[in-house]
Amino acid sequence: MRRFPQSIGLLTISRGQRAGPSRARRCYSTSPSTNANPGRTPNGFGVLGLVAATAAVTAVVTASIMSKRTEPLPKPVVENGGPKQRVGPRYADEKTTLKALEEIKSSIKGISVSLDPDDLESHGYAEWSGSNIPERPFAVVMPTTTEEVSTIAKICTKYKVPMIPFGAGSSVEGHFSAPFTGLSIDLSKMNNVVSLNADDMDVVVQPGVNWVNLNDQIKESGLFLPLDPSPTAHIGGMVATNCSGTNAMRYGTMKDWVVNVTVVLADGSVIKTRRRPRKTSAGYNLTGLFVGSEGTLGIITEVTLKLAVIPSSYGVATTTFPSVKDAAAAASKLIRRGIPLAALELMDDVQMQVINKTGGAGGRMWAEKATLFIKFSGSTESAVKDNMEQAQEISKAYGGADFEVAKSQEEMDSLWAARKQALWAMLALREEGTEIWSTDVAVPLSRMAEIIDYSKENSSKLGLFSSVLGHVGDGNFHQAVMYDPRDAKQTASVKKCVDDMVDMALEMDGTVSGEHGIGIGKKHCLEKELGSDTIAIMRSLKQTLDPHCLLNPGKIFEN
Amino acid sequence: MASLRQKMPNPATLRSYRALQRVVAVPRVRCYATDIEPERPKPLRQGNEAKLGRSFQGQVQGSIGQRIQREREERDRYEHWREVTDPSRNWTLTIFVLGMVGISYWLGTFWHREEEKASTYRLATAKEIRHNTKLENMQAAWADFLKIVGKDHVSTLETDIDHHAASDWSSHKPKPEERPFCVVYPGSTEEVSEIMKICHKRKIPVVGYSGGTSLEGHFTHTRKGISIDFGRMNKVLALHKEDLDVVVQPAVRWELLNEDLGKDGLFFPPDPGPGAMIGGMIGTGCSGTNAYRYGTMREWVLSITAVLADGTVIKTRQRPRKSSAGYDLTKLLIGSEGTLGLVTEATLKLAVKPEHTSVAVASFPSIHHAATCVSKVVGKGIPVAAVEILDDNQMKCINEAGATSRHWTEAPTIFFKFAGTPNGVKEQVSQVQALAKEVGSKSFDFAKSHEEQDELWSARKEALWSTLAVKKEGDRVWTGDVAVPVSHLPDLIEETKEDMKKSGLFGTIVGHVGDGNFHSILLYNDAQRAKAEAVVHRMVKRAVELEGTVTGEHGVGLVKRDYLPHELGETTIDAMRLIKNAFDPQCLLNCDKVVRMQKPASGEVHEW
Ligand SMILES: Cc1cc2nc3c(=O)[nH]c(=O)nc-3n(C[C@H](O)[C@H](O)[C@H](O)COP(=O)(O)OP(=O)(O)OC[C@H]3O[C@@H](n4cnc5c(N)ncnc54)[C@H](O)[C@@H]3O)c2cc1C
Ligand SMILES: Cc1cc2nc3c(=O)[nH]c(=O)nc-3n(C[C@H](O)[C@H](O)[C@H](O)COP(=O)(O)OP(=O)(O)OC[C@H]3O[C@@H](n4cnc5c(N)ncnc54)[C@H](O)[C@@H]3O)c2cc1C
């Protein structure tokens, strides 16, 4: 064929018009109208082309519709390597974001919005985080009610603007960083205790409530919330990271204390996962899904928390060991014997040294040896005393010495404060320009001594200054490694040190994050821990609940 | 070609003819359009003046030229016409158009229409569920199953099928056709995965079955399909004494597990119905008497290996005691009643057996007194291991059934369990005794020996069976289960008791009151079914109004799914539905349970 112009309808029509009218009759066209009105209609080519074009368009449209309709047929639940997506999530550019921001301002009267570089800095960077990135959020918005958050979510979905929930910003793995910029949704203005139900031992709070303040406010009722992460942390962030702390050994982690959450989903729908029963088997455990989801599935705007009774008597004891390994082994034994301890914390010789350097604790200086801090609690004096005796006996068997019991309430508080301030002490001590990489793995109890020993040795072999402190009561410990980010060799050493530790933890059937979460810094580790199928099902959950990937994008796993 | 040459008048025109030939030769031969005579051009008309002004030769040549000219035009037209009408060309065009349509269609599949990207999945827009349970398909699948598990492990025996279709203690009465086609007994995770692959391919619905003690129609075969009984997967795979955890298969019974663990001074706290197995316990998110102190199943599972609807195997964690790594799939699977995945292995946390335990029993003048005592004990933070309430009717049943050797006061009674060091326990007992007295207890006994302890506690565990023992021939039992914030508990129990009395049905109340959770056990015969249903319905409604839940521990199954929206709101259920759809788009796994995936027929859902 020499010519091939029929392929496009438009061209065909013009060609048809050029041809004489009488020709039309001779063609094999199926269209009867060509005979009826030969003067006007395009000839057969045109009609065929037109039909073809229409058919093609129809086909494209039906195909796209059909492809949607028939999607659920034998489609694998888990698609390895992530769901097929031709284009990655596309987000609003600067102009559109600005437009969204204007719309937020006009739909919510009096909402506070900030474009101040300092605010953006504090909402995108943290000196205690090991995973900072150069990007910053575009703006910070501070809603005050669930409805406002829902409005913001609706607008952000309309304009495809990423939303990054923000609590106190104490998380350490770059949880609230803004790799795709977007809006930082700071919930700290939602800081009311909505209602305290002392008889039911629960409390309803907004996400911006600080846990230390909460415990202060409800002290009268004889109840408390037993989670204790960073003293600055907010309930929203604590729920989102599934935090724990020193009390976790006795009281468990955040997920054990959340009765319900009210959540704004990506499209602005609001759900409340439960009413207020202390236990329930009603339907899927959405509460459990949102706890620890790091703001990637929804924005938490209200939480009901269980509370515990403040123990009527408790005591704190410390005991030193010749090595970290002995201390960790003693800790395992204490747990294994079932002595009802309230907390069991380990600090290594370096950490004790750091404490002494920053002025000591409990009003005194300490032996610079691996030390266990043990908290006992009970309803009666005698129970506490029984437990202390047993603990002393066990620690002796592992070379424990100087078993000391705090005598007064002040001494107890101050001792415990020393433990809580450990990371700050480390930060205070570091040299100009250096940073601290705080790791967080957890392993089965019996392997703890081994991995702590290994990590310490590994870091000193690499010439790094590091301390170990651990919530050893549940097999979880942190190694704080000091390094200079400008020094490429040191940075590489830290990376290796951390990677080795993670690999070892996984080999021991452990986890890459005991309490700090994944954020942006540990994504690659999570894949190692769980395997691609498990990540794939997480990803499909994320994609179902947040189809445009607007909520805290780029966290936990690649989207 | 030959005719053309004959027409050739003289050699002088040969050159121009050749040029012409090049153009027309082939088309002339190939013209198929014989039916329609091409219109010949009319000869050019010339004035005489023009003709006369020419010589003869000139005239001849002129006329030859004209003829050639004419023929050339004619050929041109032929050619053009051929181009238009050549059938082969038309065929090509047709094929081309169809090809274009095909290609466009194919391209269209890449251009996904913007889906309604909502974060919820509403029932109104739910798609139709299409399974294939036709006999041929099931028989073919049966042959596949034989290949996977061997012929000894697939059963189509009536008795086996009956056993997996319904139970005496379930509150749901299945329709006669709601039965599995066969029961498959896999022996490993891989076999379960293979079975699911077959079912996924053949669109066969599946229901998991472990102990079969669930109470709300959890394993009813509403869509027929097959039953997967985990009975053969009943091994303890690894006990890590030092790590306080154990790896088990789904058909390990919790009582047997605890017998094993006891030798090492360990135990697994959740204690649901006797006969329940780990798989089903994860399925329902069960708890039991120990939940007050130790928490529910959710707090005691570290990791789950599950087979998803398409046969994919996932493991939610390794063995750390705590973790913040990624979404908590473990918690999502616990309590999902086999609708998201089939549990084929689980790592359980273990507790150290308390050094010393004791049991005390106190009776009170009324339920309200008893409940008040409970809130005092709980509020004081006395770390009792368990608090259970049994009402007067229940105590009567225990006496009548002769479940224990001792005779009980037939009054509302609280069972306490204590655990700790000997000194600690002694102190707790005296604290509780003092509180009970303050409230006005009629009696307070505590066990002096270990045997006595077991004896006392067995009365509590036997509650449901002793109620069953006093039932009349043909009676069925309906176990209700709600939980409310603890402060609302006394009112709710009292109102429920009142309601039961008014209805004229015999019923008892037992409760894990420490958690605000209690059960009503109603006896009814076929004629009274509607009455029993109404009593339970009112109890559930009241619980929801008191900020409680429609089920504290037994789960939703079939019976309670239409209550859920009232407890949680439509949007929350829509989010759950979305999750179910993401895990299992064909709705193969225990379809119809927990959340509806298809619009109910009119009249199917009762008024709230
Ligand atoms: C000195 C120090 C000590 C620490 N000790 C501990 C410890 O012992 N145990 C422990 O577990 N952690 C510890 N951490 C880590 C940190 O305190 C916890 O992760 C804490 O839970 C974070 O709370 P936040 O309010 O600061 O959250 P943010 O850092 O503001 O946010 C954390 C994540 O949660 C999301 N988020 C915040 N609010 C919401 C919301 N309302 N809805 C949805 N998502 C939200 C964010 O998007 C982000 O992904 C420590 C940190 C420091 C600096
Ligand atoms: C006398 C009696 C007393 C009871 N007391 C209590 C109590 O105190 N507390 C309490 O919580 N419950 C109690 N129950 C209810 C029942 O024992 C629990 O719900 C128990 O968890 C069910 O376990 P099962 O092995 O019998 O499960 P099944 O009945 O076999 O199954 C339950 C559900 O889980 C699914 N399932 C089964 N195996 C698997 C698997 N491997 N993977 C995924 N899904 C699976 C099933 O499809 C079904 O939906 C009691 C029941 C009785 C009869």
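In which sense do strand S5 and strand S6 of chain B pair, and over how many bridges? In this predicted model, strand S5 (residues 236–240) and strand S6 (residues 245–248) of chain B pair in the antiparallel sense, and the pairing runs over four bridges.

The surroundings of ligand 1 were examined next. Of the 36 residues around ligand 1, those that come nearest are A:Pro165, A:Gly167, A:Gly169, A:Ser170 and A:Ser171. A polar side-chain atom of A:Ser171 also lies 2.6 Å from an oxygen atom of the ligand, while a polar side-chain atom of A:Thr241 is found 2.8 Å from an oxygen atom of ligand 1. For A:Ser244, a backbone N or O atom lies 2.9 Å from a ligand oxygen atom. On its own, ligand 1 has 990 Å² of accessible area, of which the protein covers 98%. The shell around ligand 1 receives at least two residues from each of strand S3 (163–166), helix H9 (235–241), strand S10 (299–306) and helix H16 (422–429) of chain A, and H9(A) supplies the largest share, with five residues. By residue class, the shell comprises 16 nonpolar, 17 polar and three charged residues. Because domain 2 (91–310) and domain 3 (317–517) of chain A both give residues to this shell, ligand 1 lies between them.

Part of chain A also carries a database annotation: the unreviewed UniProt entry assigns "domain: FAD-binding PCMH-type" to residues 133–310. This span is 21% helix and 24% strand, and its end C-alpha atoms lie 41 Å apart.

Ligand 2 is surrounded by 37 residues, the closest being B:Gly208, B:Ser210, B:Thr213, B:Ser214 and B:Val343. Polar atoms of the backbone approach oxygen atoms of ligand 2 at B:Ser287, where the distance is 2.9 Å, and at B:His218, where it is 3.4 Å. A polar side-chain atom of B:Asn590 lies 3.2 Å from an oxygen atom of the ligand. The protein covers 97% of the 980 Å² of accessible area that ligand 2 has on its own. Elements giving two or more residues to the shell around ligand 2 are strand S3 (206–209), helix H10 (278–284), strand S10 (342–349) and helix H17 (463–469) of chain B, with H10(B) giving the most, five residues. The shell around ligand 2 divides into 15 nonpolar, 19 polar and three charged residues, and at least three residues are drawn from each of domain 3 (135–231) and domain 4 (233–352) of chain B.

Technical notes:
Residues numbered from 1 in each chain as written. Chains lettered and ligands numbered in written order. Predicted model: local features only at pLDDT ≥ 70, side-chain atom pairs only at ≥ 80, totals over all residues. Heavy atoms only, no water. UniProt positions renumbered as here; feature names shortened; annotations may be inferred. Near = heavy atom within 4 Å. Polar contact = N/O pair within 3.5 Å; in protein donor to acceptor, adjacent residues only side chain to side chain. Areas by Shrake-Rupley, 256 points an atom, 1.4 Å probe, with all protein chains shown as cover. Nonpolar A, V, L, I, M, F, W, Y, C, P; charged D, E, K, R; others polar. Domains from an automatic or database assignment. Pairing = 2+ DSSP bridges.
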